[in-house]
Amino acid sequence: MPQRATKSYVICTVPRSGSTMLCQLLAATKMAGRPASLFHNPTLDAWLGYYGLEDAAFASRQDALEAIFSAAIACGKGETDIFGLRLQRGSFDFFMEQLGLRHPEVMGDQGRIEAEFGPTLFIHLSREDRLDQAISLLRAEQTGLWHLKADGTDLERQAPRRADGYDAEAIRAHIDELLKLDRAWEQWFEQQSIEPLNVSYETLSRKPQAILAEVLMALGLDASIAGNIAPQTKKLADKTSQAWRARFEAEYRSS
């Protein structure tokens, strides 16, 4: 096994790109941290609430941030030596603002991330098929169901079960927004001179164990374990998703 230098990794992504599958695969190895959206909602109150911390317990914002980041690192490591984090682009700017408060002496975003978490591997997880991605996002928003377990039962439901309905305008808006968010990641990598490990949703869906092995290898971990790790999620796309796609493409061609 190669000498391990990397102490953390950040999965840089946007909604409906397969990040839950990748996070669960990595956590299941029991040696690559427990990656999750540890800084998801971009407010200090939301972060405090997520970790069960009370704002009144801290004399300053710096003290609150110290407690938040300490709790996040513990969660993201689990029982391992590697810290894993999933970052959605929508919460990234606020996240970096807080790191700027914690490490004002360090220049640059990458430098501040590594000052907090150690040498870091950046993984850019994206989806090539924007239409399928937009449909998936809209249906999740409408139905409240975001992820399924491998056996087809609910893994993450954010609202009671309800019906969904085709909405071409919303699909188009989601396509534009998802493209904008992913381009923002690409621009950031270029600005920071970062060469991320690029992973596509499509490849992850087809060959999850191969992608897991690739990530483990990039982290300097034993990639052979990947063959023993089974995906714990199931795709949500169904005949309704296919029908919406066909309808949208037909309408787009005729417009």
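Helix α5 (residues 109–117) lies across β1, β2 and β3 and runs at about 115° to β3. Helix α7 also lies across β1, β2 and β3, at about 150° to β3. Angles run from 0 to 180 degrees between N-to-C directions, and axes are lines fitted to C-alpha atoms, for helices over the stretch in contact. Contact means heavy atoms within 4.5 Å. Helices (H or I, at least four residues) and strands (E, at least two) are DSSP runs, numbered from the N terminus.

The model is predicted: local features need pLDDT of at least 70, side-chain atom pairs count only at pLDDT 80 or more, and totals for chains, interfaces and linings use all residues. Residues are numbered from 1 along each chain as its sequence is written, and side-chain values use heavy atoms, with hydrogens and water left out.

The sheet is open and has four strands, in the order β2-β1-β3-β6, with parallel pairing. Strands β2 (83–88) and β6 (197–200) stand at the edges, each with a single partner strand, so one side of each has no neighbour in the sheet. From one strand to the next, the twist averages 20°. Two strands count as paired if DSSP finds at least two bridges between them. Strands of a sheet pair through backbone hydrogen bonds, either parallel or antiparallel. Here, six bridges join β1 to β2, which run parallel. Within that pair, T13 has Q88 of β2 as its bridge partner. Five bridges join β1 (residues 8–13) to β3 (residues 120–126), also parallel. V10 is partnered by F122 in β3.

Strand β2 is mostly covered, with six of its six residues buried. Buried means under 20% relative accessible area, exposed over 50%, and partly exposed in between (1.4 Å probe, protein chains only). In a regular strand the side chains alternate between the two faces of the sheet. F83, L85 and L87 point one way from β2, while G84, R86 and Q88 point the other way.

Helix α7 (residues 168–191) has 24 residues and should span 34 Å at 1.5 Å a residue; its end C-alpha atoms are 35 Å apart, which agrees. The expected span is 1.5 Å times one less than the number of residues. D167 caps the N-terminal end of α7, with a side-chain oxygen 3.2 Å from the backbone nitrogen of E169. Buried residues of α7 include I171, H174, L178, D182 and W185.

The largest nonpolar core has 44 residues, and F39, F69, L85, F95 and I171 have the most contacts inside it. Helix α7 gives the most to this core, with eight residues. A second, separate core of 25 residues includes I11, M21, L25 and L197. A nonpolar core is a set of buried Ala, Val, Leu, Ile, Met, Phe, Trp, Tyr and Cys residues joined through side-chain atoms within 4.5 Å. Leaving aside neighbours within four places in sequence, F39 is in contact with residues including W47, F69, L85 and F95.

Q98 lies in helix α4 (residues 92–102). At 2% relative accessibility, Q98 counts as buried. Beyond its neighbours within four places in sequence, Q98 is in contact with W47, R61, L65 and F69.

Two loop residues have positive phi. R16 is not a glycine, yet its phi is about 65°. R16 lies in the loop between β1 and α1 (19–28) and counts as buried at 12% relative accessibility. S193, also not a glycine, has phi near 55°. S193 follows α7, in the loop between α7 and β6. With a relative accessible area of 64%, S193 is exposed.

Key: Polar contact = N/O pair within 3.5 Å; in protein donor to acceptor, adjacent residues only side chain to side chain.
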